[in-house]
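I opened this structure to note what can be looked up in it. My entries follow in the order I made them.

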Amino acid sequence: MQDDITVATKWLIEKNIADPNRICIVAAVYGGYAAAMATVKSPDLFQCAISFAGVMDLERLVNKSRHFLNKKLVR
């Protein structure tokens, strides 16, 4: 997926659809993580990234996931 983001962004620049000096990536949840990683993988390509509710602490996610799996809904 990260490669797809990079390739698509470069295609937008090549086709003069996007200004290479003003590209920002914005996404939420998993996409928020992907947006942040896009700036790590291709820092020269993106001027900014906005991650809304992106999962950033993967270790915490794994450790806390048991609280969300196989639990009964209590009313």
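I began with the contacts (heavy atoms within 4.5 Å). In the protein chain, 55% of the contacts with a separation of 6 or more are between residues 24 or more positions apart. The model is predicted, so I kept its limits in mind: local features need pLDDT of at least 70, side-chain atom pairs count only at pLDDT 80 or more, and totals for chains, interfaces and linings use all residues. Residues are numbered from 1 along each chain as its sequence is written, and side-chain values use heavy atoms, with hydrogens and water left out.

Next came the fold. I took helices (H or I, at least four residues) and strands (E, at least two) as DSSP runs, numbered from the N terminus. The protein chain has three helices and two strands, and their pattern along the sequence is α-β-α-β-α.

I then looked up burial. Buried stands for under 20% relative accessible area, exposed for over 50%, and partly exposed for what lies in between (1.4 Å probe, protein chains only). Of the 75 residues in the protein chain, 19% count as buried. Accessible areas come from the Shrake-Rupley method with a 1.4 Å probe, and for residues only the protein chains shown count as cover. The protein chain exposes about 6100 Å², of which carbon and sulfur atoms supply 58%.

Which residues make up the largest nonpolar core? I found eight: I5, I23, I25, A34, A35, A38, L45 and F46. Helix α2 (residues 30–41) gives the most to this core, with three residues. Such a core is a set of buried Ala, Val, Leu, Ile, Met, Phe, Trp, Tyr and Cys residues joined through side-chain atoms within 4.5 Å. In soluble globular proteins, nonpolar side chains tend to be buried together. I also checked A35, which is in contact with I25, A27, A49 and I50, leaving aside neighbours within four places in sequence.

For disulfides (a pair of cysteine sulfur atoms within 2.5 Å), I found one in the structure. It joins C24 to C48, with S to S at 2.1 Å. The pair links distant parts of the chain, 24 residues apart: C24 is in strand β1 (residues 24–28) and C48 in strand β2 (residues 48–52). The link of C24 and C48 is left-handed, with -130° about the S-S bond. C24 counts as partly exposed because its relative accessible area is 32%, and C48 counts as partly exposed at 31%.

For salt bridges (a side-chain nitrogen of Lys or Arg within 4 Å of a carboxyl oxygen of Asp or Glu), a search of the whole structure gave one. K41 pairs with D3, the closest N and O atoms being 2.2 Å apart. K41 is in helix α2 and D3 in helix α1, 38 residues apart. Is K41 buried or partly exposed? K41 is partly exposed, with a relative accessible area of 47%, and D3 is partly exposed at 47% too.

I moved on to Q2, which sits in helix α1. Q2 is buried, because its relative accessible area is 17%. Not counting residues up to four places away in sequence, Q2 touches A34, M37, A38 and K41.

My last entry is G54, in the loop between β2 and α3 (58–64). G54 is partly exposed, with a relative accessible area of 22%. Beyond residues up to four places away in sequence, G54 touches V29, G32 and Y33.
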